[in-house]
Amino acid sequence: MTSFLDFVSVLYYNFLIDRRNIMAKYYKLLEKLLSGDSDSNINFNDLCNLLNKLGFDKRTKGGHHIFTKEGVTELINLQKDTNKAKEYQVRQIRNIILKYNIEGK
């Protein structure tokens, strides 16, 4: 029985570490986005995942990734061109986050 409890404890510990590392990644990305220092160097998929972490709902129509959030009047419409997000889209997202004072979940 002890070995099972040890196994569960290790799994739970690893889960917490993984969760902390994932959250740290998105906090770093949010800092990078808000600083405005590297708008051309933000990964498209990471940006989409960040929007999900910030509480936006996503729907996809063709090549358009459309994000909405209750209380936010603007739509965020992202189109994947390369692995990097487009600079103007990063600026748009930064402006929305700042305008509505959006924080992560």
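How many helices and strands does the secondary structure of the protein come to? It comes to three helices and three strands.

**Figure 1. Overview of the predicted model.** This is a predicted model in which local features need pLDDT of at least 70 and side-chain atom pairs count only at pLDDT 80 or more, while totals for chains, interfaces and linings use all residues. Residues are numbered from 1 along each chain as its sequence is written, and side-chain values use heavy atoms, with hydrogens and water left out. From the N terminus on, the order of elements is α-α-β-β-β-α. Helices (H or I, at least four residues) and strands (E, at least two) are DSSP runs, numbered from the N terminus. Of the 105 residues, 29% count as buried. Buried means under 20% relative accessible area, exposed over 50%, and partly exposed in between (1.4 Å probe, protein chains only). The protein exposes about 7200 Å², of which carbon and sulfur atoms supply 52%. Accessible areas come from the Shrake-Rupley method with a 1.4 Å probe, and for residues only the protein chains shown count as cover. Among contacts with a separation of 6 or more, 50% come from residues 24 or more positions apart. Contact means heavy atoms within 4.5 Å.

**Figure 2. The open sheet has the strand order β1-β2-β3.** The pairing of its three strands is antiparallel. The edge strands are β1 (57-61) and β3 (76-79), and each pairs on one side only. From one strand to the next, the twist averages 25 degrees. Two strands pair if DSSP finds at least two bridges between them. Strands of a sheet pair through backbone hydrogen bonds, either parallel or antiparallel. Helix α2 (residues 44-53) lies across β1, β2 and β3 and runs at about 155 degrees to β3. Axes are lines fitted to C-alpha atoms, for helices over the stretch in contact, and angles run from 0 to 180 degrees between N-to-C directions.

**Figure 3. Strand β2 (residues 64-68) and its partners.** Five bridges join β1 to β2, and these two strands run antiparallel. Across this pair, Arg59 stands opposite Ile66 in β2. Two residues lie between the strands in the hairpin of β1 and β2, where Gly62 takes a positive phi near 65 degrees. β2 also pairs with β3 in the antiparallel sense, over four bridges. On that side, Ile66 stands opposite Asn77 in β3.

**Figure 4. Asp39 and Ser40 in the loop between α1 and α2.** Which of the two counts as buried: Asp39 or Ser40? Asp39 counts as buried, at 9% relative accessibility, whereas Ser40 is partly exposed, with a relative accessible area of 43%. Leaving aside neighbours within four places in sequence, Asp39 is in contact with Leu33, Ala85, Glu87, Val90, Arg91 and Arg94. With neighbours within four places again left aside, Ser40 is in contact with Lys84 and Glu87. Ser40 and Arg91 are 51 residues apart in sequence, and their C-alpha atoms are 9.9 Å apart in space.

**Figure 5. Helix α3 (87-100) and its buried face.** The buried residues of α3 are Gln89, Val90, Ile93, Arg94, Ile96 and Ile97. Seen down the axis of α3, these residues fall within an arc of 165 degrees, so they line one face of the helix. The arc is that of the directions from the helix axis to the C-beta atoms. An α-helix has 3.6 residues a turn, so residues three or four places apart point the same way. The face turned away from the buried side carries the exposed residues Asn95, Leu98 and Lys99. The 14 residues of α3 should span 20 Å at 1.5 Å a residue, and its end C-alpha atoms are 20 Å apart, which agrees. The expected span of a helix is 1.5 Å times one less than its number of residues.

Figure 6. Asn101 is not a glycine, yet has a positive phi of about 50 degrees. Its relative accessible area is 59%, so Asn101 is exposed.
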